[in-house]
Amino acid sequence: MDSATSETHTASETRTPLGASADNGLKIVVVGGFGAGKTTMVRSVSEIRPLNTEETMTQAGEAVDDVTGVRGKTATTVAFDFGRITLDAHNVLYLFGAPGQERFWFLWDRLFSGTLGAVVLVDTRRIDDSWYAIDRLEKHGTPFIVACNDFGGPAFSPQQIREALDLDPHVPLVSCDARSRESSKLVLITLVEHIRALYADPARAPRQELV
């Protein structure tokens, strides 16, 4: 397969150097179903040229991956995406986008290890694809929020989406456009605020499973 990683870039793209004082790395995982927009979100919000491990999709893969609703998709993540956001002089946010196909789900448990929190990105046209991500995060005790990516499909109310996902009422649910840097930033801000609220309440503080 032809590689489609971010190592192919133009001369106009620049790297944002990491400050020498940065000494606290915070890990966030973006997870969800196949074609939900995880790579797009990491790309849109990262301050550096993101690392993408995408490969060109072929007809042979259609027998393995469910491409219903995403037939226009031409490339797919086969390991993970990686990006970075500097929060302040000492704190840096590292973003990992998990692969969405079922055959790569075995990678998720390791990606979740040491994670501060996660964004479950949902395509409401294929909402069933989100159940596994939520189940794994709950098993690991990883705090998460749910973000519905706007693909221009039928509109569902927040209550309908919560019921479809059997979502705990304390888990934030937001809408977003993964292509937009500002929209993706708001998703991450919502996650950080949710994590802060959880740790402020000892009764609700997450107890993560060791893997």
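Predicted model: local features only at pLDDT ≥ 70, side-chain atom pairs only at ≥ 80, totals over all residues.
Colleague: In what order do the 6 strands of the open sheet stand?
Modeller: The sheet has mixed pairing. Strands of a sheet pair through backbone hydrogen bonds, either parallel or antiparallel. The order is β4-β5-β1-β6-β7-β8.

Colleague: Which strands have one side left without a neighbour in the sheet?
Modeller: A strand at the edge has a single partner strand, so one side of that strand is left without a neighbour. The twist from one strand to the next averages 25°. The two edge strands are β4 (81-86) and β8 (173-176).

Colleague: What angle does the direction of helix α5 make with that of β7?
Modeller: Helix α5, residues 181-200, packs on the sheet. Its contacts are with β1, β4, β5, β6, β7 and β8. Relative to the direction of β7 (144-149), the helix runs at about 160°.

Colleague: To which residue does the side chain of asparagine 91 make a polar contact?
Modeller: Asparagine 91 lies in strand β5. Leaving aside neighbours within four places in sequence, its contacts are Asn24 and Thr86. The C-alpha atoms of asparagine 91 and asparagine 24 are 4.8 Å apart, although 67 residues separate the two along the chain. The side-chain polar contact, at 2.6 Å, is with asparagine 24.

Colleague: Is arginine 84, which meets glutamate 47 in a salt bridge, buried or exposed?
Modeller: The salt bridge has an N to O distance of 2.9 Å. It links distant parts of the chain, 37 residues apart: arginine 84 is in strand β4, and glutamate 47 is in the loop between α1 and β2. Buried means under 20% relative accessible area. Arginine 84 has 9% relative accessibility, so this residue counts as buried.

Colleague: What relative accessible area does aspartate 123 have?
Modeller: Aspartate 123 meets arginine 125 in a salt bridge of 2.8 Å, N to O. Arginine 125 counts as partly exposed because its relative accessibility is 38%. Aspartate 123 is buried, with a relative accessible area of 4%.

Colleague: How many salt bridges does a search of the whole structure find?
Modeller: One of them joins aspartate 177 to arginine 179, with the closest N and O atoms 2.9 Å apart. Here aspartate 177 is partly exposed at 21%, and arginine 179 is exposed at 63%. The search of the whole structure gives 5.

Colleague: Lysine 38 is buried yet has no salt bridge; which backbone oxygen lies 2.7 Å from a polar atom of its side chain?
Modeller: Lysine 38 is in helix α1, residues 38-45. The nearest side chain of opposite charge is aspartate 81, 7.1 Å away, whereas a salt bridge needs the atoms within 4 Å. A polar atom of the lysine 38 side chain lies 3.5 Å from the backbone oxygen of glycine 32. The backbone oxygen at 2.7 Å is that of glycine 33.

Key:
Residues numbered from 1 in each chain as written. Heavy atoms only, no water. Helix = DSSP H or I, 4+ residues; strand = E, 2+ residues; numbered from the N terminus. Buried < 20%, exposed > 50% of the residue type's maximum accessible area, 1.4 Å probe, protein only. Lys, Arg positive; Asp, Glu negative; His and termini not counted. Polar contact = N/O pair within 3.5 Å; in protein donor to acceptor, adjacent residues only side chain to side chain. Pairing = 2+ DSSP bridges. Axes fitted to C-alpha atoms, helices over the stretch in contact; angles between N-to-C directions. Contact = heavy atoms within 4.5 Å.
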